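This report covers the contacts between chains and the relation between copies. The sequence and structure come first.

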There are 4 protein chains.
Amino acid sequence: MYIPIILGTGREGRASEKVAKFVSDQLSLSGNITEIIDVRDHGARATWEPSPMTVEYKRKIKEADGVIVVSPEYNHGYPGELKMLLDSAYDEYFGKPMGICGVSIGILGGARMIEQLRLVSIELHMIPMREAVMFSNVGKLFDDKGAIIDPSYGDRLKKLIDEIMSRAPKKQAV
Amino acid sequence: MYIPIILGTGREGRASEKVAKFVSDQLSLSGNITEIIDVRDHGARATWEPSPMTVEYKRKIKEADGVIVVSPEYNHGYPGELKMLLDSAYDEYFGKPMGICGVSIGILGGARMIEQLRLVSIELHMIPMREAVMFSNVGKLFDDKGAIIDPSYGDRLKKLIDEIMSRAPKKQAV
Amino acid sequence: MYIPIILGTGREGRASEKVAKFVSDQLSLSGNITEIIDVRDHGARATWEPSPMTVEYKRKIKEADGVIVVSPEYNHGYPGELKMLLDSAYDEYFGKPMGICGVSIGILGGARMIEQLRLVSIELHMIPMREAVMFSNVGKLFDDKGAIIDPSYGDRLKKLIDEIMSRAPKKQAV
Amino acid sequence: MYIPIILGTGREGRASEKVAKFVSDQLSLSGNITEIIDVRDHGARATWEPSPMTVEYKRKIKEADGVIVVSPEYNHGYPGELKMLLDSAYDEYFGKPMGICGVSIGILGGARMIEQLRLVSIELHMIPMREAVMFSNVGKLFDDKGAIIDPSYGDRLKKLIDEIMSRAPKKQAV
């Protein structure tokens, strides 16, 4: 059989490359044909690749009292480009609330992406908000000028904003 | 408060941009300072951005009888560059088994990344394997020549390979 | 502070009881008041408590070519009584497809319960189906005689049934 | 084929029963043999079944400044008896930190159960802690007198307790 291996990180010094080679050897021993498909060859930056924009991102998150992520759901998870950005900072997130707005063409509004992202946010030392706003049927949700058609979203979003404001860490007076 | 919005997709024609602007307006109405942090400005390719490599990737997946992903866990999820690659194909995955090998410096071996990725694989019409190999303590797992030190991994990986081979879709005789 | 401990298994011989006592001691050392709230005192059977019905359940699952679970979502997860039943068998599930129908008063139709349950089904050696049917707005979905009002559910369910039938393990001729 | 339906809630007035009957009809129409396996027939209490102990549980949770759950992982999820207890309260959890200690015979210490339970805790309006303690290899972790053998768990647990204490809602002076 032909069973390729996807090497899932492009990071400098990645230990996963050794593992991929071991897996490759074992697949061959089992009589299979294989090759390593390397994410590095597919044009995405690697996570943690140095960039001036990362410095800028960290500065903004450090300043922030909280963060709202607006994102579609891709195959029940979060987009790769979002995850790469989130993974590029760490200490800067500490103790800050994260709210999530899901966006979808269909009716679920990104509900499963929200769940996966909440687990990431906890590991980042953030406080995941209980409220979440799911913008479903987004193809028909805005008029030609970009104004939202369903006014109920204002109230739903207000609940999320209120929760974020109530959970934001107190700033020290200087 | 200062509550920036992370716009989580760089995709051409993204509806999430309209949602992000709506969220921005509402944050301002609530008396907060905000701005949109756009993943496009942070150097990753956008998911579904055309690339010659995507054609190549789709061709390989279409040929494959099954796939093994080897990946570390980043903040309890999968690396962004891996997700971007996985999201770049769709029909080509149909009915094929996906095995996952997690890699970690610590003892958990990517167990939580494996769970998140399994849910993605189901949506891609793949068959998630019950076996998974967790390469933990990877910093000490290989010798200077890249040979694995703990021989038990051979047997564990064999179980995964066997499961993949037993679940691979039958090819039509031509 | 008063920080009670919930001991989450009622199983005979549970090791978690020792851990709970250790946690209790450490909470006291930190100057907190605590006590152990034991699920055994709250009337549910313990998982794996012997029962004649378990024998019956295992027999049915062993006979089955596949299984469909119909369930609501409770607080983003599966109902406890469902999990207890699923956990009461193991070998009998091997290689069989599991389909899931979610039920909800709201619009999401149990989408998050479905994700959590899929991960359980993989560990049970089952094949999670890609199709899932989400019965949303269930309060208005059936007429007084129990007939479904929205005819589109027939087609959606058909896709799930077809997938189960195509994934069912071949029976050996005798 | 024989495809039984598992009806996953025992709750009084369950809408899922109507859905299960609809699924049963459709399975028959597709030429399958089916029957409904009802969790009510398998001895667990139904979630939300009234009980004097529930009143007691709610009272304790209302008093609590935070909660620690100690639990094993069953098939990558939480035990059913734990979920039934957690689902029996709601308002009483509001804004309180939940810490989780996982327990396992193997090396993972319940890491996947912890992730599923965190998502439940968010829906319960609790604050999931970033720290978690995974008691792995629990069969060898305690001596004959029930004392823990590995002293490092004290420090790990201390971090969790500290996080809970720092996140507990401020009580109003009376």
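The model is predicted. Across the interface of chain C and chain A, zero salt bridges are found, where a salt bridge needs a side-chain nitrogen of Lys or Arg within 4 Å of a carboxyl oxygen of Asp or Glu. Two residue pairs are in polar contact between chain C and chain A, both at pLDDT 80 or more.

## The chain C side

On the side of chain C that touches chain A, helix H4 (residues 111-123) of chain C gives the most, with four residues. By class, the residues on this side of chain C are four nonpolar, one polar and three charged.

## Extent of the interface

Eight residues from chain C and eight residues from chain A make up the contact. The size of an interface is often given as the accessible area lost when the parts come together. For chain C and chain A the buried area is about 710 Å², with 65% of it on carbon and sulfur atoms. Of the area that chain C buries against chain A, 50% comes from C:Leu108, C:Arg112 and C:Glu115, more than from any other three residues.

## Relation of chains A and B

Chain A is superposed on chain B by a rotation of 180° with 0.0 Å of shift along its axis, at an RMSD of 0.0 Å. This is the relation of a two-fold axis. The C-alpha of A:Gly80 is the nearest to the axis in chain A, 1.8 Å from it. Both copies use the same surface, as 100% of the contact residues of chain A recur in chain B.

Notes
Residues are numbered from 1 along each chain as its sequence is written. Chains are lettered from A and ligands numbered from 1 in the order in which they are written. This is a predicted model: local features need pLDDT of at least 70, side-chain atom pairs count only at pLDDT 80 or more; totals for chains, interfaces and linings use all residues. Side-chain values use heavy atoms; hydrogens and water are left out. Contact means heavy atoms within 4.5 Å. Buried area is the accessible area (1.4 Å probe) that two parts lose on being put together, summed over both. A polar contact is a pair of N or O atoms within 3.5 Å; within protein, one must be able to donate a hydrogen and the other to accept it, and residues adjacent in sequence count only if both atoms are side-chain atoms. Helices (H or I, at least four residues) and strands (E, at least two) are DSSP runs, numbered from the N terminus. Ala, Val, Leu, Ile, Met, Phe, Trp, Tyr, Cys and Pro count as nonpolar, Asp, Glu, Lys and Arg as charged, and the others, Gly among them, as polar. Copies are superposed by least squares on the C-alpha atoms of residues with pLDDT of at least 70 in both.
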